[in-house]
Amino acid sequence: MTERMYPNSMAFTATAPSNIAFVKYWGKRNQDLQWPANDSLSMTLSQCQTITSARKILGNEDIFHFEGRVIRSGDTPNHKVFRHLQRVKAELKIFDTLEVSSSNLFPTACGIASSASGFAALTLAATAALLGEHRLDELAILGMPRQKLAHLARMGSGSAGRSLHGGYVLWQAGESPETQQISQVTTASHWDLSDVVVIFSSNSKHTSSSDAHKAAWGSPLFPVRLAGITQRIERVVSALQEKNIEKLGLEIENDALEMHSVAMTGSPATNYFTEDTARFIAWVRDQRSAGNLPAWFTIDAGPNVHLICETADVAAVTDKLKASWPNLRLIIDQVGLGPTLSKGQWAENPGEVRDV
Ligand code: PMV
């Protein structure tokens with residue numbers, strides 16, 4: 001359905017990638033201010049993207065189209081998308097009504113961080129539509145530099161803030177909610193790494209990450225995790241600088257297992273692993289020890305496994321996977337350059353990334 005257009009309304013389209021955390025954000029020190037319990041570090045992806053268009057319309061209801069469905073703010077004002085649009089409008093002090101259309105190029109809510117790309121794209125598209133500007137340098141002049149956009153995106157979903165940058169990205173918790181920093185550690189061209197995503201299930205996850213962030217504080221393992229995070233980040237940063245995949249791989253596997261141990265011992269406890277996840281990661285370690293698989297796993301809040309490897313090794317990794325697990329669904333992604341903004345076209349439904 002096309003709404004009554006605002007006079008001279010122009011569509012603005014953002015594409016924002018997801019990101020995969022090498023050191024996970026898990027637990028919040030302050031819920032309302034989205035202040036994380038720990039620093040986190042991620043690789044921005046290139047294929048797993050959300051595409052979001054926004055334009056001004058007449059009327060009082062914001063409208064959100066998501067993969068064929070239409071939601072109106074009058075019916076569901078508390079929907080997290082409408083709450084985020086209000087946040088963007090309040091930040092800019094521009095309160096025009098918006099129509100937004102969004103699609104993911106990958107399955108939603110399955111351990112590929114759709115909320116990261118989703119809130120990054122929503123923040124960019126809504127800001128561009130409200131300010132009538134799509135160039136990032138001009139947005140900075142208008143008071144919305146990338147740093148501020150990243151913080152706005154983080155308010156929608158923490159990990160979304162990291163998707164505002166390309167390459168390898170660090171989100172520092174700082175000493176207070178106001179001193180948080182999201183910045184690029186190194187560019188995508190510094191080191192060409194890939195993420196082979198092994199999809200065991202594309203069903204929605206059973207426990208949202210917001211509930212699991214709260215439950216972390218009940219885990220006896222959480223203080224242990226937090227005590228070691230600064231050193232882990234330092235080791236990951238030096239592995240990135242040295243391009244040392246063994247050193248990086250060891251850290252990302254340990255970090256993922258630590259995060260899931262906190263989830264499994266939280267209050268209430270959450271288990272994102274399925275039997276497939278557990279069997280698969282044991283197989284990855286066996287094959288790697290035998291010299292057959294140059295890849296290291298990480299797992300977000302879902303059952304699917306991300307295998308991180310050097311891009312030069314992707315063919316060897318996928319050949320091995322296909323030979324040993326013929327029915328697996330794979331998505332191959334790679335370190336990417338970060339989000340883009342354009343004006344003029346309205347992205348209706350661009351379709352999904354194809355499996356390999
Ligand atoms: O951004 P949230 O609230 O969906 O939490 C993200 C949590 C993980 O994806 C598991 C870890 C991370 O740092 O991305």
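# Exercises on a predicted model

The side chains of Asp96 and Lys56 are joined by a polar contact of 3.2 Å. A polar contact is a pair of N or O atoms within 3.5 Å; within protein, one atom must be able to donate a hydrogen and the other to accept it, and residues adjacent in sequence count only if both atoms are side-chain atoms. The model is predicted, so local features need pLDDT of at least 70 and side-chain atom pairs pLDDT 80 or more, while totals for chains, interfaces and linings use all residues. Residues are numbered from 1 along each chain as its sequence is written, and side-chain values use heavy atoms, with hydrogens and water left out.

## Exercise 1. The setting of Asp96

Determine where Asp96 lies, whether it is buried or exposed, and which residues it contacts.

Step 1. Asp96 belongs to the loop between α1 and β7. Helices (H or I, at least four residues) and strands (E, at least two) are DSSP runs, numbered from the N terminus.

Step 2. Asp96 counts as buried because its relative accessibility is 18%. Buried means under 20% relative accessible area, exposed over 50%, and partly exposed in between (1.4 Å probe, protein chains only).

Step 3. Neighbours within four places in sequence are set aside; Asp96 is then in contact with Tyr6, Lys56, Asp62, Lys89 and Leu130. Contact means heavy atoms within 4.5 Å.

Step 4. Leu58 itself sits in the loop between β4 (40–57) and β5 (63–66) and is partly exposed, because its relative accessible area is 36%.

## Exercise 2. Backbone features in loops

Locate Gln34, Lys93 and Pro268, and state the backbone feature of each.

Step 1. Gln34, in the loop between β2 (28–30) and β3 (35–36), has a positive phi of about 50° although it is not a glycine. Its relative accessibility is 6%, so Gln34 counts as buried.

Step 2. Lys93, in the loop between α1 (80–92) and β7 (97–104), has a positive phi near 55° and is not a glycine either. Lys93 counts as exposed because its relative accessibility is 67%.

Step 3. Pro268 is in the loop between α7 (245–264) and α8 (275–289). The peptide bond from Ser267 to Pro268 is cis, with omega near 0°.

## Exercise 3. The ligand

Which residues come nearest to the ligand, and how much of the ligand does the protein cover?

Step 1. There are 14 residues around the ligand, counted when a heavy atom lies within 4 Å. Those that come nearest are Tyr25, Ser157, Ser159, Arg162 and Ser209.

Step 2. By class, the shell holds five nonpolar, six polar and three charged residues. Ala, Val, Leu, Ile, Met, Phe, Trp, Tyr, Cys and Pro count as nonpolar, Asp, Glu, Lys and Arg as charged, and the others, Gly among them, as polar.

Step 3. Oxygen atoms of the ligand lie 2.7 Å from a polar side-chain atom of Ser159, 3.4 Å from a backbone N or O atom of Gly158, and 2.8 Å from an N or O atom in the side chain of Arg162.

Step 4. The ligand on its own has 380 Å² of accessible area, and the protein covers 95% of it. Accessible areas come from the Shrake-Rupley method with a 1.4 Å probe; for residues, only the protein chains shown count as cover.
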